Amino acid sequence: MPIYEYQCQDCGHELEKLQRMSDAPLTDCPACNQATLMKKVSAAGFRLKGTGWYATDFKNKQKAAEGKTTPSSNTIKSPTPKQ
């Protein structure tokens, strides 16, 4: 469940609330008891670091790039005309 941040438009009180995504947003400020609480837009509380989710994801980018070969011009043969 995500943590949402709220701020009261009247008194400026800020709070965080652990809620389900399907829950209705809070409207009543616990500090001044007014219905002026607004949900804030904030950054996520975690960062994804590393090279991928699984050990095999994006593990050997450099080796994969080195292993690719492109055909050189002397190996490409044009079709020979049929007689």
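Select Lys40 and Glu5 to begin: their side chains meet in a salt bridge, at 3.9 Å from N to O. A salt bridge here is a side-chain nitrogen of Lys or Arg within 4 Å of a carboxyl oxygen of Asp or Glu. Lys40 lies in the loop between β3 and α1 and Glu5 in strand β1 (residues 3-8), so this pair ties together parts that are 35 residues apart in sequence. Helices (H or I, at least four residues) and strands (E, at least two) are DSSP runs, numbered from the N terminus.

Before going on, note that this is a predicted model, in which local features need pLDDT of at least 70 and side-chain atom pairs count only at pLDDT 80 or more, while totals for chains, interfaces and linings use all residues. Residues are numbered from 1 along each chain as its sequence is written, and side-chain values use heavy atoms, with hydrogens and water left out.

Glu14 lies in strand β2 (residues 14-18) and Lys40 in the loop between β3 and α1, so the pair ties together parts that are 26 residues apart in sequence. Through shared partners, Glu5, Glu14 and Lys40 are joined into one network of salt bridges. A search of the whole structure finds two salt bridges.

Now colour these residues by accessibility. Buried means under 20% relative accessible area, exposed over 50%, and partly exposed in between (1.4 Å probe, protein chains only). Lys40 counts as partly exposed because its relative accessibility is 28%. Glu5 is partly exposed at 23%, and Glu14 is partly exposed at 46%.

Next, show strands β1 and β2. They run antiparallel and are joined by five bridges; two strands pair if DSSP finds at least two bridges between them. Gln7 stands opposite Glu14 in β2. The hairpin of β1 and β2 has five residues between the strands, and in this hairpin Gly12 takes a positive phi near 85°.

Move to Asn33, in the loop between β2 and β3. Its phi is near 60°, a positive value in a residue other than glycine. Asn33 has a relative accessible area of 63%, so it counts as exposed.

Select Lys39 and Tyr4. The charged end of Lys39 sits over the ring of Tyr4, 4.1 Å from its centre. Such a charge has NZ of Lys or CZ of Arg within 6 Å of the ring centre and within 35 degrees of the ring normal.

Then select Ser42, in the loop between β3 (37-39) and α1 (61-67). Ser42 is partly exposed at 40% relative accessibility. From Ser42 to Tyr6 is 36 residues in sequence and 9.9 Å in space, C-alpha to C-alpha.

Finish with Met1, Ile3 and Leu18, which form a nonpolar patch on the surface with about 350 Å² of accessible area together. Patches are made of residues with over 30% relative accessible area and no salt bridge; like charges are joined within 9 Å, nonpolar side chains (Val, Leu, Ile, Met, Phe, Trp, Tyr) within 5 Å. Accessible areas come from the Shrake-Rupley method with a 1.4 Å probe, and for residues only the protein chains shown count as cover. Met1 is in the segment before β1 and is exposed, with a relative accessible area of 63%.
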